[in-house]
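Here is a friendly briefing to read alongside the model. Please have the sequence and the 3D view open as you go.

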Amino acid sequence: MSIATLEPSADRTKQSPSIIEVRGLTKRFGDLVATGDVDFDVRSGEVHSLLGENGAGKSTLMKLLYGVYQPDAGEILVDGVVHRLDSPADARALGIGMVFQDLRLIPAFTVAENIALSLPGGGFRYRRQAVERQILDAGAELGFSVDPKALVRHLSIGERQRVEILKVLMSGARLVILDEPTSVLAPQEVDGLFTAIRSLRAKGLAVVIITHKLHETRAIADRLSILRAGRMVGSGIDPTTVDDRALISAMVGREVPPLPVERSDPPADRPAALRVTGVHVRGDGGNTALHDIHLEVKAGEVMGVAGVAGSGQRELYEAVLGLRPLHTGDIHIAAVEMAKSDPGAALALGAVGIPEDPISDAVVPGLDVTEHLALSNLSSLRKGLGIDWARARELVAELDRQIGLRMVAHDRTVADLSGGNVQRVMLTRAFGVDCTLLVAAYPSRGLDVATTRRTQELLLAQREAGAGVLFISEDLDELMELSDQIAVLHNGHLAGVVTPGEVDRYAIGQLMLGGSE
Amino acid sequence: MIAAQAATDVGGQLLIVSVLVGAVRSGTSIFYAALGETISERAGVINVGTEGCMLAGAMSAYAVTAETGNPWFGVLGAAAVGGALALLHAYLVIARGANQLANGLVIMFLGLGLTSLFGASYVSREINGFKPYAIPGLSSIPAVGDILFNHDPLTYLSFALGPAVWFLLFRTRWGLLLRGAGERAPVLSSYGYSPERIRYIAVGLGGLLAGIGGAQLSTAVALTWFENMTQGRGFIAVALVIFASWHPLWAMGGAYLFGAALALGPELQVRNVGVNQFVLDALPYVMTLAVLVVLAKRSFQRAPEGLAEVFDAPPVS
């Protein structure tokens with residue numbers, strides 16, 4: 001069960017045969033064409049980057065290649081022969097492996113146990129030492145350092161990802177599909193992943209990496225393909241022949257304006273929009289989720305919050321907005337102490353939140369868009385004992401024009417909307433209010449590039465209007481671009497506050513991973 | 001206190017030896033049940049109805065032995081009935097989505113009710129049950145011979161079963177699959193296995209072992225049948241599994257500890273030690289709790305993640 005290797009050819013990409021090739025591949029979900037008439041091929045010994053916005057059909061295409069979905073039209077050729085892939089097992093048997101974003105590992109098992117579970121056959125016994133040796137051998141072959149005896153629970157996300165890749169390779173994959181592998185990694189871990197990917201390439205294996213980050217594509221890809229709205233708008237392009245602007249407009253379909261560079265200084269005479277003093281907060285499991293946090297967000301300033309997923313971001317969001325009781329410490333909004341943890345109290349002090357998971361935290365699924373926006377503004381819409389719905393509809397239409405996030409038709413029920421459209425409703429509601437403090441958790445999650453850019457403009461507009469903005473994100477580029485300062489969380493501690501112009505991504509990554517500045 | 005009284009020995013046997021003999025004798029039925037429950041919970045299903053499976057096993061074994069004259073047939077019957085009752089639990093929990101804890105209680109009461117009904121006619125019957133078999137040579141080792149090598153065949157079987165289950169869980173692919181089903185079922189599904197099927201097998205095996213535990217109690221230790229004769233041993237077994245951190249060999253130790261506490265009371269009485277009867281009755285529970293809580297502090301193993309669903313808590317990663 002060693003790793004399948006192919007002879008690396010002298011000119012890696014040009015002469016290598018295609019491991020997989022698809023022709024005219026089409027997949028529909030109801031009326032929606034997820035991928036339409038797509039041609040695509042991956043050669044052995046290459047890293048192929050698949051670019052595209054959220055919802056462009058990248059994941060659908062990869063799930064077609066991995067046998068999760070079956071195409072409505074078109075064909076898939078593996079090693080030049082047409083195959084039907086009825087299940088992931090069929091794909092695996094042909095040497096196609098996939099590493100999903102939500103890693104498929106059992107945290108309570110050791111690395112060896114996880115890999116043994118994934119290997120087909122192998123008899124009745126679990127031969128621990130034999131499996132451990134295989135892992136060490138395979139790891140050495142690829143230059144991965146993996147401890148087969150380690151519990152997966154104790155590994156970092158980056159290490160788990162390497163275990164997952166090893167797992168896929170040890171079950172015989174020649175083509176590895178990585179679904180947005182860098183989205184959860186710190187910059188140092190991205191380097192580690194890319195080193196691993198390069199050694200796969202050197203072994204003659206093929207790698208498809210799904211991403212929407214251009215600089216990563218440039219760092220690793222031999223060729224790239226671009227999907228937009230289910231269509232392949234560029235297939236097998238050499239990255240050195242195109243510039244970033246051309247790539248972005250290919251992904252988005254039009255030019256995206258750059259963010260304004262000129263920004264006014266925060267007014268000095270205003271009290272801090274948010275002051276967090278010595279705050280300890282307990283997590284859901286009773287553990288201490290935030291340790292002794294001291295943080296100040298000035299009026300007219302964007303304070304970014306960076307950290308590896310689960311470092312206390314959610315608890316910080318909830319504590320500041322009165323959604324989670326403080327164990328010790330206190331929180332001042334515009335110099336007024338929040339007397340007790342109560343969302344109403346935070347709201348009264350002018351704090352507005354954009355939640356991480358609006359569908360479970362912030363919407364009433366049965367209400368329509370107008371009703372949602374009216375809900376937060378009921379007192380001004382009163383008419384006798386009822387609500388002035390005509391005026392509500394007018395106001396919502398006006399707000400939609402002003403904010404410019406292009407919400408869906410205002411009489412649509414929120415329960416029927418996609419995640420991205422729910423997010424537009426949430427953002428329109430939050431940006432429609434004058435506030436002293438805006439707490440935004442991952443505001444651009446699930447949005448396309450153009451809407452993301454508009455959201456960023458709106459965040460900066462709140463800053464210009466004098467609000468303090470606490471901006472939680474997992475995208476370091478976005479944080480560096482928007483923030484005046486960045487607070488870095490590590491394991492519930494404030495690891496440091498840095499100024500984007502003065503440090504680079506690696507310094508922030510170091511703090512995210514628990515190192516010192 | 002015990003040390004001072006140990007001088008007054010009965011029948012030439014030290015108190016400590018008598019208690020240890022009793023520990024194995026009384027602990028074995030609990031051990032079988034705890035072993036079964038360990039398998040079940042490792043696959044992600046709690047069967048609080050273990051008590052019901054034990055009772056069903058105890059009564060079936062007694063009835064079959066009484067009718068056939070052969071206690072081995074009784075054991076087969078006990079295993080079948082205990083397993084069947086557990087499979088009912090598995091069906092309701094896995095296929096019908098019933099709450100595991102509530103459904104377990106139902107299984108317990110079902111076992112209690114059915115065995116009271118069908119066992120009524122056997123209450124005063126006598127049987128020709130299992131006899132202790134002294135292993136030649138080994139049983140004449142002082143003290144150790146009496147403690148370990150002078151028991152009924154089901155006890156000897158249990159000695160082998162503890163390590164066997166450990167091997168099955170931790171050294172076979174089947175054990176990996178079983179524990180995987182109890183940790184993250186979707187991962188198994190993604191490899192093309194059926195976690196449901198694995199859980200059915202595990203729960204069924206658990207009930208089967210609990211049934212054999214009941215058989216050991218009625219046909220080897222008590223040699224009688226009466227209503228509710230397990231008196232909470234099934235519940236103790238469920239508690240032991242948790243305190244033993246889902247480890248079969250720790251469960252073995254815990255079961256004998258409880259057995260020792262059970263045996264201590266009668267041995268003290270035989271030796272005319274004046275201890276309040278109620279204190280003696282409570283002793284097994286208090287002692288088992290105390291020792292195992294101290295052990296559990298070292299939490300060397302966590303609960304299978306799948307069990308978190310039972311208590312509606314988010315999984316810890």
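This is a predicted model: local features need pLDDT of at least 70, side-chain atom pairs count only at pLDDT 80 or more; totals for chains, interfaces and linings use all residues.

Residues are numbered from 1 along each chain as its sequence is written, while chains are lettered from A and ligands numbered from 1 in the order in which they are written.

**A loop residue**
- A:Arg270 sits in the loop between helix H9 (244-252) and strand S11 (274-282) of chain A; helices (H or I, at least four residues) and strands (E, at least two) are DSSP runs, numbered from the N terminus.
- Beyond its neighbours within four places in sequence, A:Arg270 is in contact (C-beta atoms, placed from the backbone, within 7 Å) with A:Ala299 and A:Gly466.

**The nonpolar core**
- A nonpolar core is a set of buried Ala, Val, Leu, Ile, Met, Phe, Trp, Tyr and Cys residues joined through C-beta atoms within 7 Å, and buried means 20 or more other C-beta atoms within 10 Å of a residue's own.
- The largest such core has 235 residues, and A:Val176, A:Val320 and A:Leu470 have the most contacts inside it.
- Contacts of A:Val320, leaving aside neighbours within four places in sequence, include A:Leu274, A:Ile331 and A:Leu470.

**Two helices in chain B**
- H3(B) (residues 50-68) and H5(B) (residues 100-119) pack at about 20°, with axes (lines fitted to C-alpha atoms over the stretch in contact) 7 Å apart.
- The two helices, H3(B) and H5(B), are therefore roughly parallel (angles under 35 degrees).

Methods:
Two residues are in contact if their C-beta atoms, placed from the backbone, lie within 7 Å. A residue is buried if 20 or more other C-beta atoms lie within 10 Å of its own, exposed if 12 or fewer, and partly exposed in between; C-beta atoms are placed from the backbone. Axes are lines fitted to C-alpha atoms, for helices over the stretch in contact, and angles run from 0 to 180 degrees between N-to-C directions. Angles under 35 degrees count as roughly parallel, over 145 as roughly antiparallel, 65 to 115 as roughly perpendicular and the rest as oblique.
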